[in-house]
Amino acid sequence: QLEDPESEGLDFKRLYRMCRELLLVTSEVALRGCLTEFIDHELIALRQASDGSGEVLYVPLDEAGLKRALADLEAIKTAELGEA
């Protein structure tokens, strides 16, 4: 979303293909099950694509919130690498 603010989000079917190729899930139902906690806690959201092609996932934060979250994650990663 930060790289392309005009993007609606990540196409669900694309995410499913990526996860399946990495052997993370075996079905769309399994992927939806994995995403349930993230959706329930409003960390990600699903909506219909404007062109009607299916669902897209997005992070329901504004640009400033996304940048803060990314900075926090990078700080955690840096701290973990420093401990290793």
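1. Ala-49 is located in the loop that joins β2 and β3; strands here are DSSP runs of E of at least two residues, helices are runs of H or I of at least four, and both are numbered from the N terminus. The model is predicted, with local features requiring pLDDT of at least 70 and side-chain atom pairs counted only at pLDDT 80 or more, whereas totals for chains, interfaces and linings use all residues. Residues are numbered from 1 along each chain as its sequence is written, and side-chain values use heavy atoms, with hydrogens and water left out.

2. Is Ala-49 buried or exposed? With a relative accessible area of 7%, Ala-49 is buried (buried is under 20% relative accessible area, exposed over 50%, partly exposed in between; 1.4 Å probe, protein chains only). Leaving aside residues up to four places away in sequence, Ala-49 touches Glu-8, Gly-54 and Val-56, contact being heavy atoms within 4.5 Å. Between the C-alpha atoms of Ala-49 and Arg-17, which are 32 residues apart along the chain, the separation is 18 Å.

3. Helix α1 spans residues 12-21, and its buried residues are Phe-12, Leu-15, Tyr-16 and Cys-19. These lie on the same side of α1 because they cover an arc of only 100° around the axis, taken from the directions from the helix axis to the C-beta atoms. An α-helix has 3.6 residues a turn, so residues three or four places apart point the same way. The elements covering the buried residues of α1 include β1 (10-11), α2 (28-40), β2 (45-48) and β3 (55-58).

4. At its start, a side-chain oxygen of Asp-11 comes within 3.2 Å of the backbone nitrogen of Lys-13. Just after α1, Leu-23 adopts a positive phi of about 60°.

5. Two arginines are placed over aromatic rings. The charged end of Arg-32 sits over the ring of Phe-12, 4.1 Å from its centre, and that of Arg-47 over the ring of Tyr-58, 3.7 Å from its centre. The criterion is NZ of Lys or CZ of Arg within 6 Å of the ring centre and within 35 degrees of the ring normal.

6. How many disulfides are there? The count is 0, a disulfide being a pair of cysteine sulfur atoms within 2.5 Å. The sulfur of Cys-19 has its closest cysteine sulfur in Cys-34, 7.8 Å away, which is too far for a bond. Cys-19 is buried at 11% relative accessibility, while Cys-34 is partly exposed at 45%.

Note on methods: Polar contact = N/O pair within 3.5 Å; in protein donor to acceptor, adjacent residues only side chain to side chain.
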